[in-house]
Amino acid sequence: MNDALYELIVARKPKPYDLVIRILVILLIIAVAIGGMPFIGMTSFLLAVLIAILAYYFTFPRLSVEYEYTLLNHDMQIDVIYNKAKRKSLMNIDIQGAEIIAPKQSPRLNSYHPSKIYDYSSGSSPAKVFAIHMPLDQKNVCIYIEPDLKMIDHMKQWMGSKMYLD
């Protein structure tokens, strides 16, 4: 068949609070290990090790995030990849159902007022982020993605006059 498949991975820029979370978790481990010594003795070290293991497996991987866009004809699947190892599917949309696709700062989007915004972009300021406005679960939503030129060309084939590049 003549299916067009395109995949793109976009790494999210670390947010300012990511470093704060890492420091707070490490300080918590140190405080439990040292501060708990007079109260519960050597058990405080075991508790600190348990907190460190939980942080290593559950907290720290959530701070390294990449988004993968998979475009198969007009179906787009957006996945999140944590710590370059664990994948989770976020949403699957039909871009032909979109009302408009335009750059995030485009004045064409002024008349659209979404009830929910999903940001699946890198968060980097020089990046060209596109907004997809569409109905989803009986709500008007806005989805921010960061496609490259090849992906934009694939989307333009299916969207026609609903997609704007300015």
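1. Two strands are taken to pair if DSSP finds at least two bridges between them. By that rule β6 and β8 (residues 139–145) are partners: 4 bridges join these strands, which run parallel. The model is predicted. Within this pair, Y118 has I143 of β8 as its bridge partner.

2. The β6–β8 pair belongs to an open sheet of 4 strands, whose order is β5-β7-β8-β6 and whose pairing is mixed. The edges are held by β5 (100–103) and β6 (116–119); each has a single partner strand, so one side of each is left without a neighbour in the sheet. On average, and with direction ignored, neighbouring strands of this sheet are turned by 25 degrees against each other.

3. Next, β2 and β3. Strand β2 (residues 65–72) runs antiparallel to β3, and 8 bridges join them. Across this pair, E68 stands opposite D79 in β3. The two strands form a hairpin with 2 residues between them, and in the turn N73 has a positive phi of about 55 degrees.

4. Strand β3 also pairs with β4 (residues 86–94), again in the antiparallel sense and over 8 bridges. Here I81 has R87 of β4 as its bridge partner. The hairpin of β3 and β4 has 3 residues between the strands, and N83 takes a positive phi near 55 degrees.

5. How many residues of β3 are buried? For strand β3 (residues 75–82) the count is 6 of 8, so with buried meaning under 20% relative accessible area, this strand is mostly covered. In a regular strand, side chains alternate between the two faces of the sheet.

Technical notes. Residues are numbered from 1 along each chain as its sequence is written. This is a predicted model: local features need pLDDT of at least 70, side-chain atom pairs count only at pLDDT 80 or more; totals for chains, interfaces and linings use all residues. Side-chain values use heavy atoms; hydrogens and water are left out. Axes are lines fitted to C-alpha atoms, for helices over the stretch in contact, and angles run from 0 to 180 degrees between N-to-C directions. Buried means under 20% relative accessible area, exposed over 50%, partly exposed in between (1.4 Å probe, protein chains only).
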